[in-house]
Amino acid sequence: MIAVSSAAAGGRPAPSLPGSYAVRVRRTFPGRPDQVISVRNFVRFVLGPVPVVDEAVLLASELATNAVIHTASGQGGTFDVAVSRYPSAVRLAVHDAGSHQVPMPRPRDHLTEGSRGLGLVNLMADRRRHSGDMDGRSVFFELCWQPSMEGQ
């Protein structure tokens, strides 16, 4: 399922000129490892040519992987990915089926292949948060860039 909306900040109707508008798109994915590539493609498509598209795709991939591996979503459930694109920022949230574990970055170990997802989010994102519990959890990040100066 894909849901699309366009609204100004605060839930008001979108203004006729870009400034504080947002485009929001949400899609539900089966909680399987093969869906992580679909998440990457979805995020890249929704964001288009924004300056932080590669970073957003990487971090979305990490959060989707965490949802599949560490939550009930990966045990026959689903997870949602919500992408909000603003004139100079992106916010991406992954909503999963919950876990007894609180999402926390693990200590860096240069010898292990995994367990770097939340560390990357903490390192690269301008803002990140999580909320929820064993019945459902949301993890989001925001990436920002300087808007271009038109006419210069």
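Colleague: Let's start with β5 and β6. In which sense do they pair, and over how many bridges?
Modeller: This is a predicted model, so keep that in mind throughout. In it, β5 (residues 127-133) and β6 (residues 136-144) pair in the antiparallel sense, with 7 bridges between them.

Colleague: And what joins β5 to β6?
Modeller: A hairpin, through 2 residues. If you want to find the spot, look for Asp-133, whose bridge partner in β6 is Gly-136. Another pair to click on is Arg-127, which has Glu-142 of β6 as its bridge partner.

Colleague: Glu-142, then. Is that one buried or exposed?
Modeller: Glu-142 counts as buried, because its relative accessibility is 17% and the cut-off for buried is under 20%.

Colleague: What does Glu-142 touch?
Modeller: Leaving out residues up to four places away in sequence, Glu-142 touches Val-90, Arg-91, Ala-125, Asp-126 and Arg-127. Glu-142 itself sits in strand β6.

Colleague: Which way does β4 run against β6, and how many bridges are there?
Modeller: β4 and β6 run antiparallel, and 8 bridges join them.

Colleague: Let me zoom out. How many helices and strands does the chain have?
Modeller: The secondary structure comes to 3 helices and 6 strands. Going along the sequence, the pattern reads β-β-α-α-β-β-α-β-β.

Colleague: What share of the residues is buried?
Modeller: 36% of the 152 residues count as buried. As for contacts with a separation of 6 or more, 60% of them are between residues 24 or more positions apart.

Colleague: Okay, on to the helices. At what angle do α1 and α2 pack?
Modeller: About 150°, and their axes are 9 Å apart. α1 covers residues 36-47 and α2 covers residues 53-70. The crossing of α1 past α2 is right-handed.

Colleague: Which residues make that contact?
Modeller: From α1 you have Val-36, Val-39, Arg-40, Val-43, Arg-44 and Leu-47. From α2 there are Val-53, Asp-54, Ala-56, Val-57, Ala-60, Ser-61, Ala-64 and Thr-65. By type, the contact residues split into 9 nonpolar, 2 polar and 3 charged.

Colleague: What about the core? How many residues are in the largest nonpolar one?
Modeller: The largest nonpolar core has 31 residues, and those with the most contacts inside it are Val-43, Phe-79 and Val-81.

Colleague: Which elements supply it?
Modeller: β2 (21-30), α1, α2, β3 (78-86), β4 (89-96) and β6 each give at least two residues. The largest share is from α2, with 9 residues.

Colleague: You mentioned Val-81. What does it touch?
Modeller: Not counting residues up to four places away in sequence, Val-81 touches Val-25, Arg-26, Arg-27, Phe-29, Val-39, Phe-42, Val-43, Leu-92, Ala-93 and Val-94.

Colleague: Last one, Ser-88. Where is it found?
Modeller: Ser-88 is in the loop between β3 and β4. With a relative accessible area of 24%, Ser-88 is partly exposed.

Colleague: And what is Ser-88 in contact with?
Modeller: Setting aside neighbours within four places in sequence, Ser-88 is in contact with Leu-143, Cys-144, Trp-145 and Pro-147. Ser-88 and Pro-147 are 59 residues apart in sequence, while their C-alpha atoms are 5.5 Å apart in space.

Colleague: Great, that's what I needed. Thanks!

How values were computed
Residues numbered from 1 in each chain as written. Predicted model: local features only at pLDDT ≥ 70, side-chain atom pairs only at ≥ 80, totals over all residues. Heavy atoms only, no water. Axes fitted to C-alpha atoms, helices over the stretch in contact; angles between N-to-C directions. Helix = DSSP H or I, 4+ residues; strand = E, 2+ residues; numbered from the N terminus. Left-handed = near helix turned anticlockwise from the far one by under 90°. Contact = heavy atoms within 4.5 Å. Nonpolar A, V, L, I, M, F, W, Y, C, P; charged D, E, K, R; others polar. Pairing = 2+ DSSP bridges. Core = buried A, V, L, I, M, F, W, Y, C linked by side-chain atoms within 4.5 Å. Buried < 20%, exposed > 50% of the residue type's maximum accessible area, 1.4 Å probe, protein only.
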